[in-house]
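These are my notebook entries on one structure. I list what I looked up, entry by entry.

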Amino acid sequence: MLLLLPNLAFETLMDQNPSQIKIDAPITQLLQQWRQGDDAALARLTPVVYDELNRLAAAFMRKERRNHTLRTGDLVHEAFLRLVNERDRDFESRAHFFALSSKVMKDFLIQYARARKAQKRGGGEPVLTLGPADQPMQDAADERIEFLVHSLDALAKLDQRAARALELHYYVGMSVAEIAEVLGVASATVKRDMASGRSWLKTRYREGRV
Amino acid sequence: MSPEEWRLLRTVFEEGRTLDEKARAALIQDRLADRPELHTELQNWWASEQEEDPFAPVRGLAREVTRGEREEPPPGDFHNYERLEKIGRGGMGVVYKARYKTLDAAVALKVLPLGNCTPRSIERFTDEQEALARIDHPNVARVYDCGVTPEGQPYYTMAFITGGTITDWCDRRQQNLAQRLILVRQICDGLAQAHGKGIIHRDVNPNNVLVAESETGAQARLIDFGVARFRDSPGRTQTGAVLGTPGYMAPEQLAGEQGAVDVRTDVYGVGALLYHLCAGRPPEPAPLTGSSGSSESVFRPVLPPQEALDALGGGAENAARSRGMTRAELRERLAGEVGWVISKALEPEPRNRYQDCRALMRDLDNLSAGRPVEAAPTGGFYRIGKLARYHRRALAAAGTVLLLLLLVIALISAALIRTEKAEAEALAALDQVRALKDFNQSVFSEVDPGRAGRLVTGFELLERAEARAEQIYAGQPELEAGVCMALGVSWRGLGLMRRADRQFARAHQLYCGLLGETADETLEALTQKSYTSYMLGNYRDSEAGYRFCNRAYKALYGPDSKQVLTTGSGLALALAELNRRDEAVVLLRQAADGLAAAGAEPARVHAARYNLTRLLIESGRLDEAGELQALQEAEARRTGKPDTPRVLRIRHLRGYLAEKQREWDEAARIYADVLADRDRVLGRFHPDTLLTRNNLAVVQNVRNQPQRALDLLREVLDDPARPEGASALLVLRLRHNLGDTLLRLQQTAEAETVLEDVLARRRNLLGHNNPGTLRTEWTLAEVWQQAGDQAKARARFEDILNRAHESLGEKHPDTLMYERALQ
């Protein structure tokens with residue numbers, strides 16, 4: 001029998017700096033722990049969801065480049081919803097968590113818009129060919145992202161709560177009920193905040209003021 | 001706008017939202033008479049409520065990212081397909097009959113519903129697609145096309161099969177028993193190929209076996225590998241989740257014993273299908289008798305098929321008629337050979353069943369040809385009687401009872417003699433092959449620098465041998481296979497993994513044809529092939545190969561045998577690369593614990609423990625690794641001096657552990673000690689010594705001591721006494737790190753030269769998408785970046801990330817590292 005190896009030839013170590021690569025703990029498991037009263041789990045959960053969001057965003061960008069459709073699931077969304085449903089938990093940490101999430105998404109959107117702009121200037125690869133119906137929507141999106149980001153930053157100086165509600169709405173894609181839970185206010189309040197904020201935004205956009 | 005203005009506007013805006021234009025004008029007059037500058041703004045706000053939200057697309061984009069496009073599918077057509085009607089639901093996903101417009105052809109289109117597009121189900125769906133694509137067999141549905149719908153659902157298409165399920169079709173077409181057996185045999189054949197590729201169907205039942213009608217006749221076609229398991233991943237199906245179809249599921253499957261599911265599970269499925277086709281209903285457990293144990297047990301025998309026929313009552317006449325015989329005739333067949341074959345396939349304990357589909361197939365052939373079946377109850381009368389019947393015509397001509405008996409005896413002994421002779425010949429031939437192989441290996445091993453440690457002079461000789469092997473051994477596949485094995489070992493010794501891989505693949509192919517898939521020689525070739533696959537970074541192939549061998553050895557030598565444990569540890573290393581470290585740790589632990597008892601040589605036992613420790617370190621389970629390391633070191637030191645090769649290896653591990661604990665100073669100290677000892681004991685060019693030197697250099701770089709790293713690396717790389725060609729892969733690792741160090745020292749030009757050369761060699765030795773090759777490429781791009789060529793570097797970074805994605809997978813640590821670096 002010539003059953004050789006695996007043996008010491010497998011002593012293959014890192015080529016380069018041993019950069020620390022974290023293995024993500026499953027989000028659901030952390031949520032479970034948090035629900036069971038382990039407060040530290042939220043602290044651990046935040047970066048995981050943050051990473052997951054980053055990963056999703058990266059996957060999305062790759063999809064754009066390679067013209068593949070996103071093959072990721074709804075882990076982050078699930079995490080959001082579960083967190084939203086945590087009524088007993090203190091408002092502070094939850095709000096913090098969502099602030100972080102919406103910041104990640106904001107960064108992603110800006111990056112996305114810039115990448116698309118670069119692409120349109122003739123940066124090599126052809127513009128993605130999504131379905132014909134999707135095309136105008138995508139084009140419209142990246143034109144407006146930067147405007148939206150600047151405007152919401154400005155709005156935050158006038159009315160922080162309304163700005164937060166709109167951030168969660170636009171950057172994270174949450175529904176009114178979800179936003180209400182996260183911000184700890186009634187749905188009606190969110191609706192009012194959003195109505196004023198959105199009207200202000202639209203007016204600003206139509207007049208081309210940044 | 002000031003916050004005060006905002007508040008004012010907001011209040012009035014809300015009050016006026018539900019009012020008509022006239023009332024709004026009044027409101028403005030009432031509330032903002034003294035602020036005319038705000039009037040237009042407010043009017044705009046109200047007016048804008050009727051307008052579309054220009055930012056809706058941004059929100060859509062964000063939702064798409066965070067929710068992975070979780071929308072229900074709009075029914076409709078896509079690409080070139082026109083969906084016609086839903087025809088069923090498989091293990092995963094919905095099946096439509098669709099029209100491929102260009103060709104106006106009907107296809108079966110299977111789509112994963114959007115609501116079900118979770119990572120796990122997408123993975124399983126694409127697994128199925130991949131499983132099917134890997135099988136090329138007339139009796140397994142062929143994938144025409146696969147991809148993703150515009151809505152983001154994975155889909156694939158297969159031939160649209162008109163005949164319906166096998167049971168319906170056979171009844172409709174009044175197929176007799178022989179015709180039914182032929183269809184079942186076809187399914188066995190298809191499954192045998194799937195099994196050969198490491199795919200287990202796990203859900204063989206009438207709904208998954210369709211009949212395609214064509215001019216050439218009916219063909220059974222196996223579909224729906226939706227619950228197939230081909231990477232044998234226990235994590236893939238949720239723990240305890242029972243997938244399959246009741247009545248057709250093997251007891252081990254019902255018991256939820258994930259690990260117990262193997263090819264014999266499919267044998268059971270085929271047996272159940274055969275049962276249904278013959279007896280007219282799916283198998284069900286036999287009623288309990290006093291002695292047959294607990295009613296809880298799933299390991300219960302099924303009702304004998306003739307009794308199932310009886311249970312059909314009046315339907316039994318119909319069943320028999322549609323099978324072209326009377327009820328009594330059918331019952332007799334079911335109580336006899338046909339029933340024996342069915343019962344053997346449906347044995348509750350896997351070890352009592354046919355051990356694979358080929359064995360079942362052989363017995364189906366025996367049934368069709370009228371030869372005695374393997375499944376026969378023991379006893380000589382059956383065989384003699386059967387042979388007599390088989391040769392009935394000759395015997396009838398003989399005429400007398402005496403002559404008949406004589407003939408029977410003559411025939412049987414002739415057959416026996418023939419068999420014995422053939423077997424002796426085969427054995428002699430095999431010995432010849434073994435001798436030749438040993439000879440070749442002994443010759444070639446002299447040019448294996450791993451052993452000789454000297455200049456390679458045999459390289460050309462090997463190349464010539466390789467070029468000629470095919471001609472020289474044409475028509476003598478057993479000899480050619482032996483030579484391929486020897487060449488493979490030699491190429492591997494030279495670090496030429498791709499060449500080695502080709503030779504092992506050829507040997508495996510030849511042995512498969514000669515001796516079957518599960519012969520020792522075949523498995524040995526596949527084991528070797530799996531190792532080279534591993535070295536080449538083809539971890540999926542490596543995994544599948546090792547797994548197949550592992551399973552086959554389990555059947556041959558039992559679960560605790562040396563062979564099983566050794567292939568298990570090979571499998572573990574492949575799994576570790578596929579980011580399935582937990583499974584890998586389990587396997588390596590089994591090997592580390594069991595190899596000594598299985599009689600393996602101590603070196604192999606130590607290797608398993610060593611690899612286990614290394615894996616624990618790499619999994620971040622540093623405490624466990626530390627304990628294991630300390631244990632080994634204490635044990636090794638008790639039995640020897642502190643500088644034996646084995647102790648040094650364990651000490652090296654301690655350095656590695658410190659490295660992973662980011663205790664860089666400690667790691668540097670240990671590595672330096674080990675390096676000094678290894679230099680002295682093993683020599684400076686021994687692979688182990690080179691490795692410690694390599695790691696020390698890496699740690700020096702991390703400690704921001706690139707000059708020290710540079711000295712360490714140059715010391716060996718520039719040494720004229722270094723044997724050419726020896727430890728090629730390891731030397732490339734050192735040279736890669738030399739390039740990295742030069743980059744740190746901003747010696748850009750030299751770094752580029754070194755890395756370009758390493759890249760070319762790694763590509764040649766390991767292939768383009770090997771993780772090591774990709775790393776060199778990455779570092780080279782970093783050099784470009786340092787040299788100021790941002791665009792070129794950036795493009796390459798992205799290209800590498802894409803390729804890592806495709807060849808290493810999304811979760812490979814390197815892929816993640818690149819992803820992070822690119823952000």
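I take helices (H or I, at least four residues) and strands (E, at least two) as DSSP runs, numbered from the N terminus. For the expected span of a helix I use 1.5 Å times one less than its number of residues.

The model is predicted: local features need pLDDT of at least 70, side-chain atom pairs count only at pLDDT 80 or more, and totals for chains, interfaces and linings use all residues. Residues are numbered from 1 along each chain as its sequence is written, and chains are lettered from A and ligands numbered from 1 in the order in which they are written.

**Entry 1: helix α21(B)**

I looked up helix α21 of chain B, residues 497–515, and found 19 residues. From first C-alpha to last it reaches 26 Å, close to the expected 27 Å. I call a residue buried if 20 or more other C-beta atoms lie within 10 Å of its own, exposed if 12 or fewer, and partly exposed in between, with C-beta atoms placed from the backbone. The buried residues of α21(B) include Arg499(B), Asp501(B), Phe504(B), Ala507(B) and Tyr511(B). Just after α21(B), Gly516(B) has a positive phi of about 95 degrees.

**Entry 2: helix α24(B)**

I then took helix α24 of chain B, residues 562–577. Its 16 residues reach 23 Å, close to the 22 Å expected. How many of its residues are buried? I counted 16 of 16, so to speak a mostly covered helix. Just after α24(B), Asn579(B) takes a positive phi of about 70 degrees.

**Entry 3: the cores of chain B**

I define a nonpolar core as a set of buried Ala, Val, Leu, Ile, Met, Phe, Trp, Tyr and Cys residues joined through C-beta atoms within 7 Å. The largest core has 106 residues, and among the members that touch the most others are Ala507(B), Ala572(B), Ala584(B) and Tyr671(B). Helix α20 of chain B, residues 477–493, gives this core its largest share, 9 residues. Why does this core lie between domain 4 and domain 5 of chain B? Domain 4 (427–536) and domain 5 (548–619) both give residues to the core, so it lies between them. The domain bounds come from an automatic or database domain assignment.

I count two residues as in contact if their C-beta atoms, placed from the backbone, lie within 7 Å. Leaving out residues up to four places away in sequence, Ala584(B) touches Ala572(B), Leu573(B), Leu575(B), Ala576(B) and Leu615(B). A second, separate core has 77 residues, including Leu132(B), Cys278(B), Val341(B) and Cys357(B).

**Entry 4: α9(B) against α13(B)**

Helix α9 (residues 263–279) and helix α13 (residues 337–345) of chain B pack at about 145 degrees, with their axes 8 Å apart. The axes are lines fitted to C-alpha atoms, for helices over the stretch in contact, and angles run from 0 to 180 degrees between N-to-C directions. Residues of α9(B), including Val267(B), Gly271(B), Leu274(B) and Cys278(B), meet Val338(B), Ile342(B) and Ala345(B) in α13(B).

**Entry 5: chain totals**

For chain A I found 8 helices and 0 strands. Of the 210 residues in chain A, 38% count as buried. Of its contacts with a separation of 6 or more, 60% are between residues 24 or more positions apart.

Chain B has 36 helices and 7 strands. Buried residues make up 44% of its 823 residues. Among contacts in chain B between residues at least 6 apart in sequence, 59% join residues at least 24 apart.

**Entry 6: Ala188(A)**

Is Ala188(A) buried or exposed? Ala188(A) is exposed, because 10 other C-beta atoms lie within 10 Å. Ala188(A) lies in helix α8 of chain A, residues 187–207. I also looked up Val176(A), 12 residues from Ala188(A) along the chain; their C-alpha atoms are separated by 8.8 Å.
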